[in-house]
Amino acid sequence: MSKRKTVIIAAILLLTLTAILSIYHFRYYFIGTSSAPVDALENKDFDISDFHSSVDMDGDGIDDQTDILQGARKYISSNPIYKSKYYDTGYPDDEYGVCTDVVAYAMKNAGYDLMKLVNEDIISDPQAYGIDEPDINIDFRRVKNLKVYFARHAISLTTDPYEISEWQGGDIVIFENHIGIVSDKRNDDGVSYVIHHNDRFQASYEEDILEKRNDIVGHYRVSE
């Protein structure tokens with residue numbers, strides 16, 4: 001193959017890759033930022049009653065379950081860009097974030113300071129977390145620590161996505177290396193959508209992914 005032909009092929013491949021990345025970029029910033037899945041169904045479509053917690057931690061007149069769901073939507077409405085960074089503030093204070101920040105900000109909206117709660121739990125039982133030197137600014141932003149925290153302090157529910165009546169908007173779902181908030185939107189089979197932040201190029205922050213994954217390790221509710 002001639003040098004000229006090699007250069008042409010390389011240029012074509014580069015242009016193709018650039019076009020693909022541009023499409024992903026467009027979907028992420030302009031199409032994928034809606035918090036409401038198109039044509040999604042709701043509890044009422046499956047004769048499922050909406051769950052409302054008996055607890056209102058922050059005393060704002062909105063129950064915890066609803067507050068957490070609203071907090072997740074409020075956070076993703078800021079269109080955070082996926083990037084893992086360390087913050088001296090603990091909670092990200094710029095345009096970036098990761099999957100755990102969806103949960104942290106959702107809970108913060110309901111009056112739960114996950115940064116403080118996780119830190120206190122680690123200090124009380126560091127062996128449960130396998131942590132020798134706690135760092136309040138980052139420990140609550142790690143999925144492995146949230147697995148331990150919610151298993152110890154939240155209500156454990158089914159991990160079978162097809163037990164659809166057991167899944168409610170505002171629940172927390174944990175995967176092997178990922179975490180999100182369960183949506184109050186459902187697909188045609190009644191399986192819940194998930195509000196999450198997985199990478200820079202996901203099509204939407206609220207997606208129909210639950211039955212497509214085989215690594216669900218936890219499903220929790222903060223209060224009854």
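**Close-up views of a predicted model**

**View 1. D47 sits in the loop between α1 (3-31) and α2 (64-76).** Helices here are DSSP runs of H or I with at least four residues, strands are E runs of at least two, and both are numbered from the N terminus. This is a predicted model, where local features need pLDDT of at least 70, side-chain atom pairs count only at pLDDT 80 or more, and totals for chains, interfaces and linings use all residues. Residues are numbered from 1 along each chain as its sequence is written, and side-chain values use heavy atoms, with hydrogens and water left out. Most residues other than glycine have a negative phi. D47 has a positive one, near 55°. With 74% relative accessibility, D47 counts as exposed (over 50%; buried is under 20% and partly exposed is in between, with a 1.4 Å probe and protein chains only).

**View 2. N79 lies in the loop between α2 and β1 (81-82).** Here's another non-glycine residue with a positive phi, again near 55°. N79 comes out as partly exposed, because its relative accessibility is 28%.

**View 3. Helix α4 (residues 114-124) crosses helix α6 (residues 143-153) at roughly 85°.** Their axes, lines fitted to C-alpha atoms over the stretch in contact, with angles running from 0 to 180 degrees between N-to-C directions, come within 11 Å. So α4 is roughly perpendicular to α6, a label for angles of 65 to 115 degrees (under 35 is roughly parallel, over 145 roughly antiparallel, the rest oblique). On the α4 side, look for L114, L117, V118, D121 and S124, which meet L146, Y149, F150, R152 and H153 in α6; contact means heavy atoms within 4.5 Å. By class, that contact has 6 nonpolar, 2 polar and 2 charged residues (nonpolar: Ala, Val, Leu, Ile, Met, Phe, Trp, Tyr, Cys and Pro; charged: Asp, Glu, Lys and Arg; polar: the others, Gly among them).

**View 4. Strand β4 (residues 172-175) is covered on both faces.** In a regular strand, side chains alternate between the two faces of the sheet. I172 and I174 are on one side of β4, V173 and F175 are on the other, and all are buried.

**View 5. β4 runs antiparallel to β5 (residues 178-186), joined by 4 bridges, and antiparallel to β8 (residues 216-221), also by 4 bridges.** Strands pair if DSSP finds at least two bridges between them. β4 and β5 form a hairpin with 2 residues between them, and V173 stands opposite G180 in β5. Over at β8, I216 is opposite F175.
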